[in-house]
Amino acid sequence: MVNNEKGYGEYLFSKYYEKLEGPDSHASSHWSDYSSSFRVDFKEGETLALEGFGFGDMQERSLPNRWLARLCNFSYFIRDPHRKEKKELLRIGKELAVEMDGYFSFDCFRQVYSFDLIMKQLKNLNIGDNPRILIIGDGFGFLSCLIKKVIPGARIILVDLGKTLFFQYYYSGKVFPDAGLLGVSSNGEKLSVRDIEEKDFIFCPADLTDALEELEIDVAVNIHSMQEMTYDSISGYFTLLRKIMAENSFFYCCNREKKELVGGEVIEFDNYPWDKEDKILLDGYCPWCTYFFSTAKTKYGAKVMGIRIPFVNYFDGPIRHRVAILKKN
Ligand SMILES: C[S@@+](CC[C@H](N)C(=O)[O-])C[C@H]1O[C@@H](n2cnc3c(N)ncnc32)[C@H](O)[C@@H]1O
């Protein structure tokens, strides 16, 4: 494991950008394709350039799309009968997006809403000030940083493909320069609860998740991510979660009901390895993931009298979310 910030950046950059030939073995066709467009420049411990693709619109530069996102966020917010309760979280999220060199995009907005729901579920658990929260597939790391802002004592474990994990490593370090971090860096390593006790962020590449098998986790989160994985990866994560989730802890899963990836694989929410003994606390379509505004025209969108309303796009299929207490292995 690597305990120092620059050392872990070097490790991720060298292994997943400099030396990795071809796609990550844990990447689906979707991520093999998308991750080839990432641009990362890292020299002597400094990140000189960082441009992601396909995991969030925080870095969107086009002014029309930025304004459309504002309008879109407002359109969800204004129709929310509980909007007053979310104002403070939205304020924190907006400031955070700027700290992360981005803007408060629709992707940030919907993650604030998901976190609000997670917080409400958390209040039912008596887990103190240092919850251990595992986030699988956090893109830029917006949700991880948001959680850390709101629950400073949280221990956040981030799991992602090595290439994307570099972004989470970079932005969490930028927003929390004094944070204690730990990075998994070799096969066969096993982290104990004690190893992560004093840490703020713990990074684990998707190919090294065996290292997490001896941990105990209070909350696990996966948003818009399993929908783009192979079933092998999804089932690996479910096995891990069933092993490491503390009693009564929950998994928040928000993903497309059905998605066809560029390689032709079709990934369905109902085909994840749920168990009939999992305790489902909430299940349904995610109310803050139904449409988005963009200058790009997607296949489906809102219509009036059969005519598409400009800029109002639907996702290519409905998005489900579920809070579940997973049956232990
Ligand atoms: C569309 S992005 C979603 C980012 C963020 N959760 C959000 O809601 O905006 C999908 C994320 O899943 C990650 N991902 C893809 N395959 C993965 C795998 N096998 N294991 C872990 N993360 C993976 C991607 O790298 C990316 O961070």
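Let's start with asparagine 65. This residue is buried, with a relative accessible area of 12%. Why do we call asparagine 65 buried? Because buried means under 20% relative accessible area, and asparagine 65 has 12%. One caution before I go on: this is a predicted model.

Where is asparagine 65 found? In helix 3, which covers residues 63–78. Now its contacts. Leaving out residues up to four places away in sequence, asparagine 65 touches Glu60, Tyr103, Ser294 and Thr295.

Next, the ligand. How many residues surround the ligand? The count is 21. The closest are Gly137, Asp160, Thr164, Ile223 and Tyr237.

What kinds of residues make up that shell? There are 8 nonpolar, 9 polar and 4 charged. Two helices to look for are helix 5, residues 106–123, and helix 8, residues 231–244. Each of them supplies at least two residues of the shell.

Now some atom pairs. Take aspartate 160. A polar atom in its side chain lies 2.6 Å from an oxygen atom of the ligand. Then serine 225. Here an N or O atom of the side chain is 2.9 Å from a ligand oxygen. Isoleucine 223 uses its backbone: a polar atom there sits 2.8 Å from a nitrogen atom of the ligand.

How much of the ligand does the protein bury? Taken alone, the ligand exposes 600 Å². The protein buries 97% of that.

To recap: asparagine 65 is buried in this model, and 21 residues surround the ligand. Thanks.

Technical notes
Residues are numbered from 1 along each chain as its sequence is written. This is a predicted model: local features need pLDDT of at least 70, side-chain atom pairs count only at pLDDT 80 or more; totals for chains, interfaces and linings use all residues. Side-chain values use heavy atoms; hydrogens and water are left out. A residue is near a molecule or strand if one of its heavy atoms lies within 4 Å of it. A polar contact is a pair of N or O atoms within 3.5 Å; within protein, one must be able to donate a hydrogen and the other to accept it, and residues adjacent in sequence count only if both atoms are side-chain atoms. Accessible areas come from the Shrake-Rupley method with a 1.4 Å probe; for residues, only the protein chains shown count as cover. Helices (H or I, at least four residues) and strands (E, at least two) are DSSP runs, numbered from the N terminus. Ala, Val, Leu, Ile, Met, Phe, Trp, Tyr, Cys and Pro count as nonpolar, Asp, Glu, Lys and Arg as charged, and the others, Gly among them, as polar. Buried means under 20% relative accessible area, exposed over 50%, partly exposed in between (1.4 Å probe, protein chains only). Contact means heavy atoms within 4.5 Å.
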